[in-house]
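Subject: Structure for you to look at

Hello,

Here is the structure I said I would pass on. Please open it beside this message and follow along.

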Amino acid sequence: MRGRRLLVLLALSVTGIAGLLGLGFWQLERLEWKMAILANLERALSPDTQPIKLAEAETMMGRDPSQDFLRVSLVGTFDHADERYLFSTLNGEPGWKVITPFLTSDRRLVMIERGFVPQRLKQPQDRPASMSAGEIALTGLLRKPAQPGLFTPSNQSSENTWYWLDVPALLASLKSVPPGFVPSGYLVEVLPGSTGEEWPKATAPDPARIPNNHRQYAMTWFALAAVLAFMTVALVRRGGG
């Protein structure tokens with residue numbers, strides 16, 4: 001009976017060690033993925049990086065899952081009547097990020113994150129200078145659709161209150177899509193200075209503020225695997241003694 005119990009404990013320990021090692025190697029894969037994304041961002045923010053066309057950037061993202069933060073140039077007009085509002089903060093002040101449909105000259109519909117406005121400037125009539133008319137050129141970062149966090153509230157599309165950037169839902173909430181315009185499944189974040197407007201206030205992502213703890217997580221899982229392996233060896237020795 002004692003030998004059978006020892007075998008069961010040994011099997012459980014080996015399974016646990018294998019699981020912990022698997023989690024450690026998975027975190028190393030996530031580390032490689034995150035490093036590629038941060039490299040993309042740093043390259044996109046470099047003043048030496050030339051923007052590319054939307055179609056080219058979309059093709060790159062579709063072909064390579066590690067691609068994100070691609071610097072793109074767009075020419076077109078904003079559809080201000082269909083603004084959408086994403087809850088956000090800037091320097092501790094609550095407010096909203098303004099998401100506006102953009103109709104490009106090559107007949108694409110792209111959701112543009114134009115930047116932050118405080119609560120007092122949420123309504124378009126309170127910031128008339130931001131209601132740019134006619135064709136404009138802008139530069140921004142093409143982003144993949146986001147996923148909500150564990151504690152992110154649900155979007156309330158009927159009230160035009162958004163907590164995470166669900167691009168398909170944003171597109172579906174629009175009053176209308178002009179005939180012949182093809183919606184993009186990606187989002188563009190306007191870079192500071194791209195439009196020359198004070199509000200909404202565009203801010204560039206800071207690579208240093210993007211969490212990248214995968215190495216620490218991997219080391220934690222490997223350390224736990226080592227502890228369990230040590231305890232298993234000790235148990236086997238004691239059982240065989």
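**What was found**

Leaving aside residues up to four places away in sequence, Lys 97 touches Arg 84, Tyr 85, Leu 86, Ser 88, Glu 113, Gly 115 and Phe 116. A contact here means heavy atoms within 4.5 Å. Before going further, note that this is a predicted model, in which local features need pLDDT of at least 70 and side-chain atom pairs count only at pLDDT 80 or more, while totals for chains, interfaces and linings use all residues. Residues are numbered from 1 along each chain as its sequence is written, and side-chain values use heavy atoms, with hydrogens and water left out.

**Lys 97 and strand 3**

Lys 97 belongs to strand 3. Helices (H or I, at least four residues) and strands (E, at least two) are DSSP runs, numbered from the N terminus. Strand 3 itself is mostly covered, with nine of its 12 residues buried. Lys 97 also lies 9.4 Å from Trp 162, C-alpha to C-alpha, although 65 residues separate the two in sequence.

**How the strands pair**

Two strands pair if DSSP finds at least two bridges between them. Which strands pair with strand 3 (residues 93-104)?

- Strand 1 and strand 3 run antiparallel and are joined by three bridges. Thr 77 has Leu 103 as its bridge partner in strand 3, and Gly 76 has Thr 104.
- Strand 2 (residues 84-90) pairs with strand 3 in the antiparallel sense over seven bridges. Phe 87 stands opposite Trp 96 in this pairing. The two strands form a hairpin with two residues between them, and Asn 91 in the turn has a positive phi of about 55°.
- Strand 4 is joined to strand 3 by nine bridges, and the two run antiparallel. Trp 96 stands opposite Val 117 in strand 4. This hairpin has three residues between the strands, and Arg 107 takes a positive phi near 65°.

The other pairings bring in strands 5 and 6. Strand 1 (residues 70-78) pairs with strand 5 in the antiparallel sense over seven bridges, and Leu 74 stands opposite Leu 138 there. Strand 5 (residues 136-143) also pairs with strand 6, again antiparallel, over four bridges. In that pairing, Leu 142 has Val 188 in strand 6 as its bridge partner.

How do strand 4 (residues 108-118) and strand 6 (residues 182-190) run, parallel or antiparallel? They run parallel, and five bridges join them. Glu 113 stands opposite Glu 189 in strand 6. Glu 113 is also one of the residues that Lys 97 touches.

**Helix 1**

Ser 13 is in helix 1, which covers residues 2-45. Ser 13 has 12% relative accessibility and therefore counts as buried. Not counting residues up to four places away in sequence, Ser 13 touches Leu 228 and Thr 232.

**The whole chain**

The chain has four helices and six strands. Along the sequence they follow the pattern α-α-β-β-β-β-β-α-β-α. The radius of gyration of the chain is 25 Å, well over the 18 Å that the globule rule gives for 241 residues, so the chain is more spread out than a compact globule. That radius is taken over C-alpha atoms, and the globule rule is 2.2 Å times the number of residues to the power 0.38. Taken along the principal axes, the C-alpha atoms fill a box of roughly 85 × 40 × 35 Å.

Of the 241 residues, 39% are buried. Among contacts between residues at least 6 apart in sequence, 70% join residues at least 24 apart.

The chain carries 25 positive and 22 negative side chains, and the centres of the two sets are 13 Å apart. Lys and Arg count as positive and Asp and Glu as negative, while His and the chain ends are not counted. The place of a charge is taken as NZ of Lys, CZ of Arg, CG of Asp or CD of Glu.

Regards

Methods. Buried means under 20% relative accessible area, exposed over 50%, partly exposed in between (1.4 Å probe, protein chains only).
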